[in-house]
Amino acid sequence: MHWINVTLNISDVQRKVLKELGLQFAGEMESRGTADKKILEPLKEELSYIINSNSEVKDIVKDAVATGNHYTLRLIDSDSEILNLPWSMAEESETDTPLGSIE
């Protein structure tokens, strides 16, 4: 298994959007135990955009899909609100692979 540290590069605007979407997601999960697609889709799109902006992550996901190599990505950011988002649902665009499904 390969352990890889990935520093998230998120602009202030993206950070604000992610936090707003994260609050909506958390509210839905706490009140209903599930989140509606109208909340999940924008959150997934934003998370995926950030992941797809990182060429290192894209290369790792492509390698995992192509070779079956096992990876653990340790996302690094100074803001725990950002780190606590459901990053596993972000999808790498070329393989349409969610981060949560790479092994």
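**Figure 1. Left-handed crossing of helices α1 and α2.** In this predicted model, helix α1 passes helix α2 in a left-handed crossing. The contact draws on Gln14, Val17, Leu18, Leu21, Gln24, Phe25 and Glu28 from α1, and on Ile39, Leu40, Pro42, Leu43, Glu46, Leu47, Tyr49 and Ile50 from α2. Sorted by class, the residues joining α1 to α2 comprise 11 nonpolar, 2 polar and 2 charged. Helix α1 covers residues 12-32 and helix α2 covers residues 37-52. The two helices pack at an angle of about 145°, and their axes lie 10 Å apart.

**Figure 2. Proline 42 in helix α2.** Proline 42 belongs to helix α2 and is one of the residues through which α2 contacts α1. Its relative accessible area is 29%, so proline 42 is classed as partly exposed, the class between buried (under 20%) and exposed (over 50%). When neighbours within four places in sequence are left aside, proline 42 is in contact with Leu21 and Lys37. Serine 31 lies 11 residues from proline 42 along the chain, and the C-alpha atoms of the two are separated by 19 Å.

**Figure 3. Glutamate 41 in helix α2.** Glutamate 41 is also located in helix α2. Because its relative accessibility is 29%, glutamate 41 counts as partly exposed. From glutamate 41 to serine 11 the C-alpha to C-alpha distance is 20 Å, and the sequence separation is 30 residues.

**Figure 4. Order of the secondary-structure elements.** The protein contains 4 helices and 4 strands. Read from the N terminus, these elements follow the order β-α-α-α-β-α-β-β. Among contacts with a separation of 6 or more, 73% are between residues 24 or more positions apart.

**Figure 5. Overall dimensions, burial and surface of the protein.** The C-alpha trace spans about 40 × 25 × 20 Å along its principal axes. The radius of gyration is 14 Å, which agrees with the value near 13 Å that a compact globule of 103 residues would have. Of the 103 residues in the protein, 37% are buried.

Key: Residues are numbered from 1 along each chain as its sequence is written. This is a predicted model: local features need pLDDT of at least 70, side-chain atom pairs count only at pLDDT 80 or more; totals for chains, interfaces and linings use all residues. Side-chain values use heavy atoms; hydrogens and water are left out. Axes are lines fitted to C-alpha atoms, for helices over the stretch in contact, and angles run from 0 to 180 degrees between N-to-C directions. A crossing is left-handed if the near helix is turned anticlockwise from the far one by less than a right angle, and right-handed if clockwise. Contact means heavy atoms within 4.5 Å. Ala, Val, Leu, Ile, Met, Phe, Trp, Tyr, Cys and Pro count as nonpolar, Asp, Glu, Lys and Arg as charged, and the others, Gly among them, as polar. The radius of gyration is taken over C-alpha atoms; the globule rule is 2.2 Å times the number of residues to the power 0.38. Buried means under 20% relative accessible area, exposed over 50%, partly exposed in between (1.4 Å probe, protein chains only).
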